[in-house]
Every structure is written in C-alpha cells, then in structure tokens.
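The following note concerns the model shown below.

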Amino acid sequence: MGSVRKASAWLGLVDDNDDERYYDDEYSEENESQDAWVTDPRVKVATDTAEERGRRIGTVTPDSFRDARVIGELFRDGVPVIMNLTAMEPADAKRVVDFAAGLIFGLRGSIERVSTRVFLLTPSNTEIVSGDPAAHRSDGFFNQS
C-alpha cells in the first residue's frame with residue numbers, strides 16, 4: 001500500500017483492506033467485557049464520581065444537525081455543554097444554534113459564545129464566573145494604589 005493510500009486510510013477517506021495487521025493472534029474474545037458501553041467519540045463526559053458530585057461538563061463537536069440530539073440529552077440531564085460547531089457547514093451550524101436557543105429557553109438555561117462557532121450552554125442551576133480582569137481591579141492582588 002502506498003503512502004498516499006495509507007494516509008487516506010488513516011484519515012478515514014478510503015477503506016483500509018489490511019484489517020489483519022491490526023489483530024493480535026493471541027487475542028481472546030472471552031476477555032472482552034460484556035457490560036462495557038461505547039460512546040460517540042465526539043462526546044466526552046466525566047466519570048461516575050464527577051457525576052455524583054454534579055461536576056460534569058459535556059463537549060460535543062457535531063458533524064451535522066443529526067448530532068443535536070446528543071446536545072439536547074446532555075443539557076436536559078443538567079450537564080453544561082460546550083458546543084464546538086467549527087466542523088459544520090454554516091447552514092447546519094445555524095440550525096444547531098437555533099436548536100440550542102430553544103433548549104435554553106425551554107429549560108431556563110443560558111448560552112454564551114466562547115469563541116467563533118463555540119458556545120457554552122449552562123443549565124439554570126449553574127453560575128458562570130467571568131475571568132474578566134476589569135472585575136478584579138478595585139480589590140485585586142496587584143492593586144498598589
């Protein structure tokens with residue numbers, strides 16, 4: 001297989017026909033966990049301990065509007081969600097932002113733009129603390145007046 005073909009297969013642009021090279025002959029299927037669950041690699045959620053303490057933040061990088069459901073499910077469960085829409089077409093990104101606006105209106109949350117095409121959705125019981133340096137000037141550590 002040529003280097004261009006290998007790079008294309010690694011990026012997922014073409015099918016890789018060399019599946020045998022990824023398997024170990026000594027691998028046993030009985031070692032697999034039957035109760036393990038698989039999540040979408042575009043969604044990252046904290047561990048169970050963080051869930052018990054209510055310290056979870058979901059990050060979602062949708063490819064299309066179909067992925068808006070994941071955003072809605074996390075937000076409905078009270079998890080703040082960071083939406084990274086940089087991988088989407090502008091029309092689909094606008095639809096996802098409209099969907100998120102409906103979520104925050106219906107669940108009394110808030111939405112804040114973090115950067116270009118990246119948004120933070122927070123439930124009603126979450127406070128956003130701004131790291132704005134102007135807010136700390138009057139009584140801040142470096143106030144030498």
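This is a predicted model: local features need pLDDT of at least 70, side-chain atom pairs count only at pLDDT 80 or more; totals for chains, interfaces and linings use all residues.

1. Helices (H or I, at least four residues) and strands (E, at least two) are DSSP runs, numbered from the N terminus. Glycine 102 lies in helix H4. With 43% relative accessibility, this glycine counts as partly exposed, the class between buried (under 20% relative accessible area) and exposed (over 50%), computed with a 1.4 Å probe on protein chains only.

2. Residues are numbered from 1 along each chain as its sequence is written, and side-chain values use heavy atoms, leaving out hydrogens and water.

3. The protein chain contains four helices and five strands. Their order along the sequence is α-β-α-β-α-β-α-β-β. Of its 145 residues, 23% count as buried. Among contacts (heavy atoms within 4.5 Å) with a separation of 6 or more, 43% join residues 24 or more positions apart.

4. The axes of H3 (residues 68–76) and H4 (residues 90–106) come within 10 Å and cross at roughly 20 degrees; axes are lines fitted to C-alpha atoms, for helices over the stretch in contact, and angles run from 0 to 180 degrees between N-to-C directions. H3 is therefore roughly parallel to H4, a class that takes angles under 35 degrees. Ala68, Ile71, Gly72 and Phe75 of H3 make the contact with Val96, Phe99, Leu103 and Ile104 of H4. By class, this contact comprises seven nonpolar residues, one polar and no charged ones; Ala, Val, Leu, Ile, Met, Phe, Trp, Tyr, Cys and Pro count as nonpolar, Asp, Glu, Lys and Arg as charged, and the others, Gly among them, as polar.

5. A nonpolar core is a set of buried Ala, Val, Leu, Ile, Met, Phe, Trp, Tyr and Cys residues joined through side-chain atoms within 4.5 Å. The largest has 16 residues, and those with the most contacts inside it are Ile71, Phe75, Val81, Met83, Leu85, Val96 and Leu121. At least two residues of this core come from each of H3, strand S3 (81–84), H4 and strand S5 (118–122). H4 gives the largest share, five residues.

6. Which residues does leucine 121 touch, not counting residues up to four places away in sequence? They are Ile71, Phe75, Pro80, Val81, Met83, Ala100, Ile104, Ser110 and Ile111.

Methods:
Angles under 35 degrees count as roughly parallel, over 145 as roughly antiparallel, 65 to 115 as roughly perpendicular and the rest as oblique.
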